[in-house]
Amino acid sequence: MNANPPAAVIEPSSSAAALERPRHAGRHRFACFHVCATFCLIAFGASVTSNDAGLAVPDWPTTYGDLNPIAPYLRGLVSGLIALEHNHRVIGMVVGLLTIALCVWIWRTAETTLVRRLGVILLVAVCVQGGLGGLTVHMKLPAAVSIAHGMLAQSFFCLSIATAYLLAGEARAAGGSIARGSPTAAARSLQRSAAHVFIAVFLQLFFGALVRHTVAKWRVPTFGDTPVLLHMLFALVVLLVVGRFVAKVTSESPPGSRLSAPAIALAALVLAQLLLGLFAVATRTDPLVTVLHVITGASILGTSLFTWLRSHRLAAREPA
């Protein structure tokens, strides 16, 4: 008679698990939406820089005297270069609001201190990024501030991806952290190689920012400036590092590591980026080509970070 446990014992735990899954899924989906919104913001920022529209709106935080972001649309001001700059500001405002919502959600529901800290860092970063955007206008696009603004955008994108990953099911299944346990020698080698890819790509984006935000951008077709040469030569370094990582994944990754797909994506994106770089030279930095170049660069950075984070699962999956 006592072989089967009472229904009252089973029901609460199963219903709690059923409630837990949607809560985690909704939070993760929102974090992924935050990543997509941040990516769109980078794309709009690239359009502003490539079309030299940074000073199309000469005041900040207002747009031609209007603090209300909708007013310029109603006044018929949002067209041409003004549209590029103002739309970039509006999307930045949306990302800021999404970041506040995500931070609050994380603080109310996150299971680990690391994720809560990432939420706070995201919130601080988006505030600093907004301030740097204002400084670029008030100081008439100084190179140092513009480069800092561009690189913080890429860093913020990485923070958003890391937050979304740590809120995902596979990260929580591994204990809610990016590293746990003692990885094997093969796992450590893959982790190091993935880290090298991420670092190399980030450095390459920095060299690209030096080109885009200085007079070097006018000398791209003639290879006539040091930042241009650095950016082009370091592209070969990125190609070699990514090639080495793909080879390691092909030969050393254990079954179930789930590194093959992002590694292949990385290789494809890097090849596409090299072609876009050649097109940028051939078209004398056509705005559309350079925008695509920046977007692809951000995609490579995000994919390399995701791959690095995923490589840390090997520590939780493999015994020492």
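Tyr 64 sits in the loop between H1 and H2 (helices are DSSP runs of H or I with at least four residues, numbered from the N terminus). The model is predicted: local features need pLDDT of at least 70, side-chain atom pairs count only at pLDDT 80 or more, and totals for chains, interfaces and linings use all residues. Residues are numbered from 1 along each chain as its sequence is written, and side-chain values use heavy atoms, with hydrogens and water left out.

**Loop backbone**
- Phi of Tyr 64 is positive, near 50°, and the residue is not a glycine.
- Tyr 64 counts as partly exposed because its relative accessibility is 34% (buried is under 20%, exposed over 50%, partly exposed in between, with a 1.4 Å probe and protein chains only).
- The loop between H1 and helix H2 (71–74) also holds Pro 61, and the peptide bond from Trp 60 to Pro 61 is cis, with omega near 5°.
- Thr 285, in the loop between helix H9 (260–282) and H10, has a positive phi of about 55° without being a glycine.
- With 22% relative accessibility, Thr 285 counts as partly exposed.

**Second largest pocket**
- The volume of the second largest pocket is about 280 Å³ (a pocket is an open set of points on a 1 Å grid over the protein atoms alone, where a 1.4 Å probe fits, with protein on both sides within 12 Å along at least five of seven lines; lining residues have an atom within 4 Å of a point; a volume is the space filled by probe spheres set on the points, which are joined across faces, edges and corners).
- It is lined by 15 residues, of which Cys 32, Val 35, Ile 161, Ala 164 and Phe 306 are the closest to its centre.
- H10 gives the largest share of this lining, five residues.

Key: Helix = DSSP H or I, 4+ residues; strand = E, 2+ residues; numbered from the N terminus.
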